[in-house]
Amino acid sequence: AAAQSTKKARKEDDDDDGWKGLRASEGKQKAGRGMPGVGAVRWGVCLLAVGCVGLSAPRGGGSRKRVLIIGGTGRIGTAVATRLLQREDVEVRLAGRDRRRGEAAVAEVRGEVLRGDAASFEELDFRDEPKLRRSLRDVDAVVHVAGPFYGQEPSILRACAELEVPTYLDVSDPPEFLEAARAIPTPKTTALLCAGAFPGMSNVLAMEAAQKEEGRRGTVENLRFSYFTSGLGGSGNVNLEITNFGFADVVPRVGPPLTAGADLGVVTFPRPVGERQVWSWPFPEALTVGQALNISGVSVAGMGTAPDLWNVVLRVLVALVPRAWWRSPLFSKGMAKFSEPLVTLTDRFLPETHAMRIDLDFAGGGSNDVATVLQAHDSFRRCVGQSAAEFCLDLMAVPADRGVWLPEERYRDQPARDRVIPNLTSTPGTTFFEIRHSRRGATPT
């Protein structure tokens, strides 16, 4: 697998602030968990150290860590597997209910990595608890990407805790799921929730931007997460269901109530995405990261898509359809089934793209600064899967902190962020990453 090569980003010189960024070019570099450009020397040294240490001893002996990917036959699951298998000391089992899809998923992974023999399929319905528990007995880590998480109970995490599986992570986002998961005692398990691209990588990058500058710029006042996706790479139906379910909710945030689907205006993302319309959606990080940073103002999270017609249609539907209908599985899944052929058609003409922007306003000490995180990737589903894989590798390498964590908690300290950010922001397909600051009212380009 080839990764997008990176080059040193320009250094923002305003107030001699020392922000360093990384801009990834269109070229190619060798596959692997590469270090970003020389704008982050300290990150590179830390990454070298972690690479030399490697993973802890596999559970139950053997030379490889065994990772069970629940939802592994989906498009995000295969992206997780492909990234994990860049490591020689890992093997994966792709778990799913459909054997035919499972065989196709294994063939996809084997076609993308040299170590295809380290990937296999396991027929598993995770709702079958006895069978799930049998599958967990010999694994070192579980990656749960079988969404949507709306209406799910954290039964997989509970089983992992009871069977003392060392590592668990998922790409969950509903507040109800997070609350139930965090109540589960895990004395022998390190569990990370919301461990995808957004939420996940976005949480960690927000903490990095905030804590590097708080001493010099004051404290964080306002926090805004903005995301863009175009072309879902075959993961459309599940993502449509997730989006639809979310329209039933009030957006979790620091600040006054806000309903999902509210117009948040136009946001400038990294090229080639550029300016895009964004609407509110109940991503949990607006609340959880806002609380972790103890912001004094408000927080919000939103997203947009392409073509822009979808943004218009969604906002109209949200305005007309009662909120309770979106919470109904019959309605939201039906809408997803109805929309899927149209999405599949438009995806043929749109490049698969992902971008994020995180803005943090600082207050205090006469400061009017804004820190901005910009990141882009050429594939939404690969970015989610690769992020989950990087979190999984980090949890297996440094498993000491048992318990159930959110990304902003697990990576609150600088050494932990130094360990994981270089890997998250240099995965194959990353086209842009930069953290910079500007004066409030100015727009970073």
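Two strands are taken to pair if DSSP finds at least two bridges between them. In this predicted model, strand β10 (residues 263-268) and strand β11 (residues 275-280) meet that criterion, pairing in the antiparallel sense over 4 bridges. Within this pairing, glutamine 277 of β11 is the bridge partner of valine 266, a residue of strand β10. The two strands form a hairpin with 6 residues between them, and glycine 274 in the turn has a positive phi of about 75°.

Apart from residues up to four places away in sequence, valine 266 touches Glu275, Arg276 and Gln277. The C-alpha atoms of valine 266 and valine 278 lie 6.1 Å apart in space, although 12 residues separate the two in sequence.

Beyond its neighbours within four places in sequence, arginine 417 is in contact with Val204, Met207, Glu208, Gln211, Tyr411, Arg412 and Pro422.

Helix α3 (residues 99-112) was considered next. Its 14 residues should span 20 Å at 1.5 Å a residue, and the separation of 20 Å between its end C-alpha atoms agrees with this expectation. The buried residues of α3 are Gly102, Ala105, Val106 and Val109. Viewed down the helix axis, the buried residues fall within an arc of 100°, so they line one face of α3. An α-helix has 3.6 residues a turn, so residues three or four places apart point the same way. The buried residues of α3 pack against α2 (75-84), β4 (90-96) and β5 (119-123), whereas the face turned away from the buried side carries the exposed residues Arg100 and Gly111. The N-terminal end of α3 is capped by aspartate 98, of which a side-chain oxygen lies 2.8 Å from the backbone nitrogen of arginine 100.

In soluble globular proteins, nonpolar side chains tend to be buried together. In the present model, the largest nonpolar core has 101 residues, and those with the most contacts inside it are Val67, Ile69, Leu84, Val92, Leu136, Val142 and Leu360. Helix α13 (residues 380-397) supplies the largest share of this core, with 10 residues. A second, separate core comprises 16 residues, including Val251, Ala260, Phe269 and Phe432. As to the surroundings of valine 92, this residue touches Val67, Ile69, Ala81, Leu84, Leu85, Ala118, Ala119 and Ser120, residues up to four places away in sequence not being counted.

Definitions and conventions
Residues are numbered from 1 along each chain as its sequence is written. This is a predicted model: local features need pLDDT of at least 70, side-chain atom pairs count only at pLDDT 80 or more; totals for chains, interfaces and linings use all residues. Side-chain values use heavy atoms; hydrogens and water are left out. The expected span of a helix is 1.5 Å times one less than its number of residues. Buried means under 20% relative accessible area, exposed over 50%, partly exposed in between (1.4 Å probe, protein chains only). The arc is that of the directions from the helix axis to the C-beta atoms. Contact means heavy atoms within 4.5 Å. A polar contact is a pair of N or O atoms within 3.5 Å; within protein, one must be able to donate a hydrogen and the other to accept it, and residues adjacent in sequence count only if both atoms are side-chain atoms. A nonpolar core is a set of buried Ala, Val, Leu, Ile, Met, Phe, Trp, Tyr and Cys residues joined through side-chain atoms within 4.5 Å.
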